[in-house]
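Please read it beside the structure.

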Amino acid sequence: MSPPATHATPKRRASTAASRQIDENNNNVADQDQDGFVLVDHRRHRHRNQPATTVGSVRPRQQPKPRPAKRRVHHRPDAIVIRAKDATTYADIVRTLKADAAVQQSVGSSVQNIRCSVTGALVLQLRKGVENAPSLGAEVDKVLGDVATASAIQHTSMVEIRDLDECATRTEIAEELARSLGAPHLNEEVIKTLRKAYAGTQTAVAALPDDLAARALKLGHIRIGWVNSRIRGREEAARCYRCWSPGHVAARCRGPDRTELCHRCGQKGHQAKDCKGQPACVLCQERGADDHRHTSMSSSCPLARKITQARR
């Protein structure tokens, strides 16, 4: 009687090197098929074996929204503008100023360069950091007398102070600006407007020199009374100080010279702070508008409101 048959494990058939099929991972394809295993298509190989996509099927990548550009304040030096009378030449005016010892010490040390403007006036451009341009202009005007007139041009930038309480005054705001910015010469004249805003608050607009305006914008906030008020830049449209019209500067001005007129009534011989006449906008009169009983380019001026809306 023969012994019972045993279940012997079948031997794998040895394959020669010529009959083997090797995949890209150096594996034997025949063995995998016999054992019932399936080769996993890894992600990196799947990405490598994908067919090339057409240009039209590629979805464009959404670009991030650009950040709003930060407002920059351009530092422009102050100047003293001299306008000669009669037949006096500017060379004689400069000789007169240099001959005065007091002017030579105060004004001469503050002047950066001397040039003539497009309108024919003599411009004494001051150095950066000179803070007493109005007093220097008054000193030059006093020395020249009837020969010429001198006035200081102080470049300023407008800033808005928001979230003020209803009790805040111009004097309080100016004093806090002078303390926070380290400029004791600031007074309430730098506060151009103080108007009511939403939710029982107030908003003030201040005209600060360029360097102080940049310092205020860097602070961002100022403590006035019990409120931590925000400081924001105020965009102003280009406006000619010669003819008062918007859209250009004095260097390209071809309009009438209104530098000696009152901004309130448009008459000659006094300034707006001393005006006792009726308001009259010279720009609205020039355009033939029916309603011109307001200060030139004020908040009541239709032309000023139109420019403000276009800027927004």
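Leaving aside its neighbours within four places in sequence, Ile 173 is in contact with Ile 161, Leu 164, Ile 191, Leu 194, Ala 204 and Ile 224. Contact means heavy atoms within 4.5 Å. Apart from the core described below lies another core, of 18 residues, including Ile 80, Ile 93, Leu 144 and Ala 148. A nonpolar core is a set of buried Ala, Val, Leu, Ile, Met, Phe, Trp, Tyr and Cys residues joined through side-chain atoms within 4.5 Å. Buried means under 20% relative accessible area, exposed over 50%, and partly exposed in between, with a 1.4 Å probe and protein chains only.

The model is predicted: local features need pLDDT of at least 70, side-chain atom pairs count only at pLDDT 80 or more, and totals for chains, interfaces and linings use all residues. Residues are numbered from 1 along each chain as its sequence is written, and side-chain values use heavy atoms, with hydrogens and water left out.

The largest nonpolar core has 22 residues. Ile 161, Ile 173, Leu 177, Leu 186, Ile 191 and Leu 208 touch the most other members. Strand S5 (156-164), helix H6 (170-181), strand S7 (202-209), helix H7 (210-219) and strand S8 (221-224) each supply at least two residues of this core. H6 gives the most, with five residues. Helices (H or I, at least four residues) and strands (E, at least two) are DSSP runs, numbered from the N terminus. In soluble globular proteins, nonpolar side chains tend to be buried together.

Thr 203 lies in strand S7. Thr 203 is buried, at 7% relative accessible area. Beyond neighbours within four places in sequence, its contacts are Glu 160, Ile 161, Arg 162, Thr 193, Leu 194, Arg 195 and Ala 197.

## Helix H3

Which residues of helix H3 are buried? In this helix (residues 90-99) they are Ile 93, Val 94 and Leu 97. They cover an arc of only 95° around the axis, which puts them on the same side of H3. The arc is that of the directions from the helix axis to the C-beta atoms. Arg 95 and Ala 99 are exposed on the other side of H3.

## Salt bridges

How many salt bridges does a search of the whole structure find? It finds eight. A salt bridge is a side-chain nitrogen of Lys or Arg within 4 Å of a carboxyl oxygen of Asp or Glu.

| Pair | Closest N to O distance |
|---|---|
| Asp 92 and Arg 95 | 2.8 Å |
| Glu 176 and Arg 179 | 2.4 Å |

Asp 92 and Arg 95 are three residues apart in helix H3, so about one helical turn separates them. Asp 92 is partly exposed, at 36% relative accessibility. Arg 95 is exposed, at 54%.

Glu 176 and Arg 179 both lie in helix H6, three residues apart, about one turn of the helix. Glu 176 is buried, with a relative accessible area of 16%. Arg 179 is exposed, at 59%.

Arg 230 lies in strand S9 (residues 227-233) and Asp 163 in strand S5, so the pair ties together parts that are 67 residues apart in sequence. Arg 230 is partly exposed, at 24% relative accessibility.

Glu 160, Arg 162, Arg 195 and Arg 234 are linked in a network of salt bridges.

## Cysteines

The structure holds zero disulfides. A disulfide is a pair of cysteine sulfur atoms within 2.5 Å. Cys 265 is buried, with a relative accessible area of 10%.

## Whole protein

The protein has nine helices and nine strands. Of its 312 residues, 29% count as buried. Among contacts with a separation of 6 or more, 52% join residues 24 or more positions apart.
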